[in-house]
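Q: I have a structure open here and would like to talk through a few details of how it packs. Can we go piece by piece?

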Amino acid sequence: MTGRSGAVWALVITSVAGFMAALDNLVVTTALPSIRKSLGGELAELEWTVNAYTLTFAVLLMLGASLGDRFGRRRLFLTGLAVFTGASAAAALSPGINELIAFRAVQGVGAAIMMPLTLTLLTAAVPPARRGAALGIFSAVTGLAVASGPLIGGSLTEHLSWQWIFWLNVPVGLVLLPLARLRLKESYAPDARLDVPGTLLVSGGLFGIVYGLVNANSDGWTSPTVLGALIVGAALLAGFIRHGFRAKRPMLPMRLFRNRAFFGINMASMLMFLGMFGSIFLLSQYFQGVLGYSPTEAGLRMLPWTGMPMLVAPVAGILSDRFGGRPVVVAGLALQAAGLAYFATIIAPDASYASQLPGLIVGGVGMALYFAPAASLVMSSVRPEEQGIASGANNALREVGGALGVAVLATVFSAQGGYDSARSFTDGTAPAVWIGAAAVGLAALAALLIPGRRAARPPESAVATERAPVAV
């Protein structure tokens, strides 16, 4: 297998796997009415069919990256892919709502093991000169999966059945498993060891934070359960940060955040997902509940926004190779914030599609420009042996940002409006989308912390990125 063909295979395998894992964040949302009709369940149980996946995915991402560094990235990637595929089949066969929630949680476990290793395996397989373009394509595919989840879920539910949102993963996973075994090279982080105290602290802390966030809207921010989960989670994460400074070999060395590039891109990622996830959650309902589109029709009309990453991100990856990732990321986040702000100004019960189109296009181009170089900036800001945990940290922060976005924007929506009428819905959605636009605007400011190409010193991380991880 030549170097070029190995890089192509790595890009195909990791992109498809990343698409599946990212897709399942929001693919269930438009299928919830059909799931309730088929399996029953109260509103809280239906919410957990979405939240169970987000919870285990966010909590175990750091652990998945650490296990891959220690026991082999390809080996753990295959393990995560097998768990994800099997749990997808089990979810499709679920006889009741409780079983579906349980298998959604197992799906999140598989995705958490698989997802952080996709970037590490891809980075190891692609030469540095072409890494920006490859990571741009990868980011375009995963970004498209996040944004198009409601469209795909709605289309499958409308034309087939809700079970097909899970069955879709099974043949894809069964094809990827032998391909990954044959076409991906094994790699390890040199002298990697498991950090048990750090793993327990970060897993418990993220569980508390995400559990509190996903229950805040239904139980209330001041309920003892939510407050207790948030307080305990914050305390455990504070302990994890202290551990990262004091331990000799922590799973996530806090010194990484002293690197302006690593700190800037991670803060930008968390804030961007906060604004994007919360806005997609509300706007997809606006298209269906207020404007009267079917799930498929709503998804098609959102394509100028959700489909733009597939068109623009590969070009943006090439631009980041040429001019550096910082200006591309900052421009993308600024455009996305502008698109959301525009949408917040024109949203109304009778808003025409022509009036919505500029906001959708500008926001879509901005999202594409962000996704393309973001992965490259994360991976190039650390040494090769730290790339797995850096990928896991970035994905965990993005998931927490997404959960926070849905919780915060839904709370703003409930305070300012509701589901009583079309006017009430838009009265709640407009200020919530303004909050989303502000969060993405703050993400653009955070991205300014990333050193420009000329300002950046030639650090050991940048030099070390020229070397692939230890390959077997």
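Predicted model: local features only at pLDDT ≥ 70, side-chain atom pairs only at ≥ 80, totals over all residues.

Q: How far is Thr-123 from Ala-10 in space?
A: The C-alpha atoms of Thr-123 and Ala-10 are 9.0 Å apart, although 113 residues separate the two in sequence.

Q: Switching topic, at what angle do H11 and H18 pack?
A: Helix H11 (residues 260-290) and helix H18 (residues 422-447) pack at about 160 degrees, and their axes are 8 Å apart. H11 is therefore roughly antiparallel to H18, since angles over 145 degrees count that way, and the crossing of H11 with H18 is left-handed.

Q: What kinds of residues make up that contact?
A: The contact of H11 with H18 consists of 20 nonpolar and seven polar residues, with no charged ones.

Q: What about the largest nonpolar core, which residues touch the most other members?
A: They are Phe-77, Met-272, Tyr-286 and Leu-333, in a core of 129 residues, and H11 gives the largest share of this core, with 14 residues.

Q: Which residues does Met-272 touch, leaving out those up to four places away in sequence?
A: Met-272 touches Leu-333, Gln-336, Met-367, Tyr-370, Phe-371, Val-440 and Ala-443.

Conventions:
Residues numbered from 1 in each chain as written. Heavy atoms only, no water. Axes fitted to C-alpha atoms, helices over the stretch in contact; angles between N-to-C directions. Helix = DSSP H or I, 4+ residues; strand = E, 2+ residues; numbered from the N terminus. Parallel < 35°, antiparallel > 145°, perpendicular 65-115°, else oblique. Left-handed = near helix turned anticlockwise from the far one by under 90°. Nonpolar A, V, L, I, M, F, W, Y, C, P; charged D, E, K, R; others polar. Core = buried A, V, L, I, M, F, W, Y, C linked by side-chain atoms within 4.5 Å. Buried < 20%, exposed > 50% of the residue type's maximum accessible area, 1.4 Å probe, protein only. Contact = heavy atoms within 4.5 Å.
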